[in-house]
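Could you walk me through the structure below in plain words?

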Amino acid sequence: MARVTSSDALGPDALAGLRPRLPSPLEEAVDARFERHGVRLLLKRDDLVHPELVGNKWRKLAPNLAAAGGRTVVTFGGAYSNHLRATAAAGRLLGLRTVGVVRGEELADRPLNPSLARCAADGMRLHFVARSVYRRKTDPETLAAVLRAADAEDAYVVPEGGSNAAAVRGCVELGRELAGAADAVAVACGTGGTLAGLAAGLAGSARTLGIPVLKGGFLTADIRALQTEAFGGPRGEWSLDERFHHGGYARVPADLEAFAADFEQRHGVPVERIYVAKLLHALVALAGEGAFPRGSTVAAVITGRPSP
Ligand SMILES: Cc1ncc(COP(=O)(O)O)c(C=O)c1O
């Protein structure tokens with residue numbers, strides 16, 4: 001893949017040079033578990049947008065990379081963060097300096113795990129911080145101290161998970177691409193940034209259903225706050241179903257693993273386990289409960305791909 005070197009500013013041309021596949025394909029998945037309830041299932045293949053900036057990573061990072069304007073990009077994550085990986089890859093592809101602030105000071109003295117090794121190989125400078133500091137990273141004084149210690153005081157800061165107002169606005173296009181294609185659009189939620197933008201882009205043409213993969217029940221308020229930050233107030237018609245986290249973040253019990261492997265076999269679509277498997281499992285369960293009216297179409301956003 002061609003590497004695009006940035007000068008001082010990184011314009012839309014540099015990002016276009018990475019040739020994202022947009023709009024992403026929308027495919028029908030013929031599946032008896034939906035058909036028997038008179039429901040059509042569509043898969044919005046955001047996993048095919050870009051080989052390295054996959055799915056919602058592209059949608060959320062692209063506007064932030066443009067806003068960084070060539071400055072070093074600093075972001076935050078745990079030792080297995082997909083968001084750190086994607087930011088590091090973007091840095092390599094676009095010739096941007098990146099710094100990853102990693103949760104867990106103790107990791108600094110251990111060999112890098114494969115995910116962090118990949119970040120480092122992509123040129124990301126890793127800065128490990130204590131968990132107590134990491135927890136307070138959005139407090140302005142703590143953030144300033146972390147940036148100082150990481151020698152990145154003038155950097156452009158992207159929050160953990162990549163969800164800020166720019167990212168939310170980047171996900172609006174996903175909703176626009178789907179407008180008119182379905183009655184309901186479903187997406188897995190971590191921070192809720194993708195849903196916040198998606199629902200705005202659908203602009204009432206379909207209802208948006210979010211499936212949180214974390215336990216907690218805090219996401220409704222977070223999504224409202226993200227929409228207010230991005231658009232000045234609530235947008236779209238959306239709701240969350242909190243029943244499908246399977247025990248919490250990154251928990252993949254055997255029945256979910258079996259479900260995901262079976263879905264891959266039936267439809268030839270790679271199923272990312274931490275988010276997408278929970279989404280698809282929820283949709284099968286909801287169809288079984290009669291949650292979607294006969295004759296309706298449901299689109300599932302495939303926001304990621306299993307990591308190699
Ligand atoms: C594959 C995948 N799907 C969905 C999400 C959730 O996105 P959000 O944090 O915007 O809710 C993530 C998190 O980054 C993800 O990696």
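In helix 4 (residues 82–94), Leu 84, Arg 85 and Ala 88 meet Ser 115, Arg 118 and Cys 119 of helix 5 (residues 114–121). Here two residues are in contact if their C-beta atoms, placed from the backbone, lie within 7 Å. Sorted by class, this meeting place of helix 4 and helix 5 has three nonpolar, one polar and two charged residues. In this sorting, Ala, Val, Leu, Ile, Met, Phe, Trp, Tyr, Cys and Pro count as nonpolar, Asp, Glu, Lys and Arg as charged, and the others, Gly among them, as polar.

Before going on, keep in mind that this is a predicted model: local features need pLDDT of at least 70, side-chain atom pairs count only at pLDDT 80 or more, and totals for chains, interfaces and linings use all residues. Residues are numbered from 1 along each chain as its sequence is written.

**How the helices pack**

Helices (H or I, at least four residues) and strands (E, at least two) are DSSP runs, numbered from the N terminus. Two packed helices are described by the angle between their axes and the distance between the axes. The axes are lines fitted to C-alpha atoms, for helices over the stretch in contact, and angles run from 0 to 180 degrees between N-to-C directions.

| Helix pair | Angle | Axis distance |
|---|---|---|
| Helix 4 and helix 5 | about 20 degrees | 8 Å |
| Helix 10 and helix 11 | about 55 degrees | 9 Å |
| Helix 12 and helix 13 | about 85 degrees | 10 Å |

To put words to these angles, under 35 degrees counts as roughly parallel, over 145 as roughly antiparallel, 65 to 115 as roughly perpendicular and the rest as oblique. Helix 12 is therefore roughly perpendicular to helix 13. The residues that touch are Leu 256, Phe 259, Ala 260 and Phe 263 on helix 12, with Ala 277, Leu 280 and His 281 on helix 13. Six of the residues in this contact of helix 12 with helix 13 are nonpolar, one is polar and none is charged.

Helix 4 and helix 5 are roughly parallel to each other, and helix 4 passes helix 5 in a left-handed crossing. A crossing is left-handed if the near helix is turned anticlockwise from the far one by less than a right angle, and right-handed if clockwise.

What is the handedness of the crossing where helix 10 passes helix 11? The crossing of helix 10 with helix 11 is right-handed. From helix 10, Gly 193, Leu 195, Ala 196 and Ala 200 take part, and they meet Ile 223, Leu 226, Gln 227, Ala 230 and Phe 231 in helix 11. This contact of helix 10 with helix 11 has seven nonpolar, two polar and no charged residues.

**The nonpolar cores**

A residue is buried if 20 or more other C-beta atoms lie within 10 Å of its own, exposed if 12 or fewer, and partly exposed in between, with C-beta atoms placed from the backbone. A nonpolar core is a set of buried Ala, Val, Leu, Ile, Met, Phe, Trp, Tyr and Cys residues joined through C-beta atoms within 7 Å.

The largest nonpolar core has 51 residues, and among those with the most contacts inside it are Val 185, Leu 279 and Val 298. Helix 13 (residues 276–288) gives the most to this core, with eight residues. Leaving out residues up to four places away in sequence, Leu 279 touches Ala 186, Val 187, Ala 188, Ile 211 and Ala 300. Apart from this core lies another, of 36 residues, including Ala 68, Ala 89, Val 129 and Val 146.

Val 146 is also touched by Val 133, as is Thr 142, not counting residues up to four places away in sequence. Val 133 sits in helix 6 (residues 131–135) and counts as partly exposed, because it has 18 C-beta neighbours inside 10 Å.

Most residues other than glycine have a negative phi, and most peptide bonds are trans. Against that background, which peptide bond is cis? The bond from Leu 22 to Pro 23 is cis, with omega near -10 degrees. Pro 23 lies in the loop between helix 1 (12–16) and strand 1 (26–29).

Ala 203 has a positive phi, near 45 degrees, and is found in the loop between helix 10 and strand 8 (207–212). His 246 also has a positive phi, near 55 degrees, and its place is in the loop between strand 9 (238–240) and helix 12. Are these two residues buried or partly exposed? Ala 203 is partly exposed, with 14 other C-beta atoms within 10 Å, whereas His 246 counts as buried because it has 21 C-beta neighbours inside 10 Å.
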